[in-house]
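Trainee: I am new to this structure. Can we walk through it together, one question at a time?
Mentor: Gladly. Have a look first.

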Amino acid sequence: MIEVSELQVRLQEKTLLSDISFSLDAGHYLVVVGPNGAGKSSLLKAMMGIIDKDGGEILFHDQPLSAYSQRELARLVSYVPQSSGRELPFAVEDFLKMSRYAHHSALSEWQPDDQAAVEDALRITNTSQFRQRQMTTLSGGESQRVMIAAALAQQTPIMLLDEPTSYLDPHHQVEVHRVIARLNEQLGITVIEVSHDINHAGQKGRQVLALADGQAAWQGPGEIFLEKGRLHRLYQQDFVFVTHPISGRTIALADPL
Amino acid sequence: MTESAKLTLLSLATLSILLLAPFAGLGDIADAAIRQHILYDIRLPRTLFAFVAGAGLALCGMVFQAMFHNPLATPFTLGVASGASFGAALTVFLGLNVSLLGFDAVTLGAFIGALAAISFVYGISRLHYSFSIETLLLTGVATSFFFSSLILFTQYLSNINDSFRILRWLMGGLSISGYQSLLQLLPIVAFSAGIMIWLGRELNLLMAGDEIAISRGVAVKRVRYLLFLTTSLCVGAIVALCGPIGFVGMMVPHICRLIIGTDHRWLIPATLIFGGGFLILCDTLARLVIAPAELPVGIITTLLGGPFFLWLLVRSRRSA
């Protein structure tokens, strides 16, 4: 359903991405990892049409990105940017309503199914209680959930998320990841998430794409991602591995030595 | 209070300004015929013209503030009005006398100058990957200076009569008489307002930033070019007819946002109405302050606008 082949993105002289190829089936969950500056955000932005590609192809449903108008693309793919959204001058519910743009023409009226999409998004992300609040008054964890809710109200089969948990405390990280897992497992949304959390990536049922220096360093299933040599090559850092006492999963810890 | 109640109140206030302004300073004229003449042939067209020009300036300011997510970014601060002024001054200086699609040479010159300025300012601010509002505003300041010196240059080369005319016109004045200017400006401002109303949802999303707007489905580049063209046309026409009247486009939309909120479905009509009323008020003040002589209205709006700009600057620094 998603097919990226030999993707190239340059910014003036600098190559941000080169020769990125991967494919993802409907309903799958891809985590994009890699060191800072590896091009993870650029990949999502190129897929959303925010930045232009300089070569290669991005296909959704076998159609190239260029075959979609921006409005058509927004009915297929939604995007949660890295920004927290706490600078936005809107009330939460109004911000979610704006997500229905792609489902409207300039003259069409607000419909019951638009309201239903907004209500569903508020409910699934557990943000109904903030609907009247201004975005500027939300905490980091609250606003991150609202940003996901806003993308969800767009009702797209594909969702791109750029580090949705980076600035959150452990409790809210778990909370936000639970929401994303629910979207993927219960609603069947295809998820591509950029993350620095390698243990989050290295789980059964996830696909992993590791980027380094704008190139694909490794891709494969999550359960075999956490491997000492691979992580060292990727992050220039030693890791030790422990077994989680309850779930039994392998956990990688950065070794300070 | 609901948005529609606020809008109704704003409309009523503007309507009363519109109805009262023509009578201000008319009390001491005894001759009924002269009174009639002043009222219908001078005051009424001037008041209506002030409304249309004020509405146009305020709407263009609103669009820029939304597009650049900053109340300090307006056609005036970004050098667009200076570009338009230079375009207009140049056509006067060169004595060009062409017309296209019913627009006269001065309007066309102002439109091209406005478009050149915004293309330049926007192009410069996009040279860096990380778009910053500081770069944009400083580029606007530099562009203003640049066009101001070009205007001085044309003025220097002009004869004394043209030079004085350019100077008075640069102060921004509404001393028109008859309905001709009004009929020239009205269709352009109405057309621009129509485009902005048509793009209300896009403007709402642009306020959330380009990335969010694009991901929600807005063809941001196309919308932005359309808005650049529209505001250049509108600012160009206003500048051509009454000179650069500063800060209306900064103060009015910002005050309207404080009153009625950021949703453009309400903000556009509020800005249009209040912008019109505000310029009538300033023009009435300009007529009365040193009566029987009058000030160029641009002096009044800039005297109000300067402190307002500083207030916005201090406030945004404090909250940042």
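**Strands, sheets and the chain contact**

Mentor: This is a predicted model. Start in chain A, where A:Val9 stands opposite A:Leu17 in β2(A).

Trainee: How many bridges join β1 (residues 2–11) of chain A to β2 (residues 14–24) of chain A?
Mentor: The two strands run antiparallel. One facing pair is A:Val9 and A:Leu17. A:Ile2 also has a residue opposite, A:Leu24 in β2(A). The bridges joining β1(A) to β2(A) number seven.

Trainee: Which residue in the turn between β1(A) and β2(A) has a positive phi?
Mentor: These strands form a hairpin, with two residues between them. The positive phi in the turn is about 50°, and it belongs to A:Gln12.

Trainee: In β4(A), what is the bridge partner of A:Val4?
Mentor: β1(A) also pairs with β4 (residues 55–60) of chain A, in the antiparallel sense over five bridges. A:Glu3 has A:Leu59 as its bridge partner there. For A:Val4, the partner in β4(A) is A:Ile58.

Trainee: Which strands stand at the edges of the open sheet of four strands?
Mentor: The order in that sheet is β2-β1-β4-β5 of chain A, with antiparallel pairing. An edge strand here has a single partner, so one side of it is left without a neighbour in the sheet. The two edge strands of chain A are β2 and β5 (63–64).

Trainee: At about what angle does α1(A) run to β2(A)?
Mentor: α1(A) lies across this part of the chain, over β1, β2 and β4 of chain A. Its angle to β2(A) is about 70°.

Trainee: Which residue stands opposite A:Ala212 in β10(A)?
Mentor: β9(A) and β10(A) run antiparallel and are joined by six bridges. They form a hairpin with two residues between them, and A:Asp213 in the turn has a positive phi of about 55°. The residue opposite A:Ala212 is A:Gln215.

Trainee: What area is buried between chain A and chain B?
Mentor: Contact links 30 residues of chain A with 19 residues of chain B. Carbon and sulfur atoms give 59% of the buried area. That area is about 2200 Å².

Trainee: How many salt bridges are counted between chain A and chain B?
Mentor: Side chains of opposite charge can pair when their charged atoms come close. B:Glu202 and A:Arg71 meet in a salt bridge, at 4.0 Å from N to O. The whole structure has 14 salt bridges over all chains. Between chain A and chain B the count is three.

Trainee: Which residue of chain B forms a salt bridge with A:Lys45?
Mentor: A:Lys45 lies in helix α1 of chain A, and the pair crosses to helix α9 (residues 210–215) of chain B. The closest N and O atoms are 3.0 Å apart. The partner is B:Glu211.

Trainee: How many residue pairs are in polar contact between chain A and chain B, with both at pLDDT 80 or more?
Mentor: α1 (40–48), α2 (70–74), β6 (77–80), α3 (92–98) and α5 (140–152) of chain A each supply at least two residues of the side that touches chain B. The residues of that side divide into 19 nonpolar, eight polar and three charged. The residue pairs in polar contact number twelve.

How values were computed: Residues are numbered from 1 along each chain as its sequence is written. Chains are lettered from A and ligands numbered from 1 in the order in which they are written. Side-chain values use heavy atoms; hydrogens and water are left out. Contact means heavy atoms within 4.5 Å. Buried area is the accessible area (1.4 Å probe) that two parts lose on being put together, summed over both. A salt bridge is a side-chain nitrogen of Lys or Arg within 4 Å of a carboxyl oxygen of Asp or Glu. A polar contact is a pair of N or O atoms within 3.5 Å; within protein, one must be able to donate a hydrogen and the other to accept it, and residues adjacent in sequence count only if both atoms are side-chain atoms. Ala, Val, Leu, Ile, Met, Phe, Trp, Tyr, Cys and Pro count as nonpolar, Asp, Glu, Lys and Arg as charged, and the others, Gly among them, as polar. Two strands pair if DSSP finds at least two bridges between them. Axes are lines fitted to C-alpha atoms, for helices over the stretch in contact, and angles run from 0 to 180 degrees between N-to-C directions.
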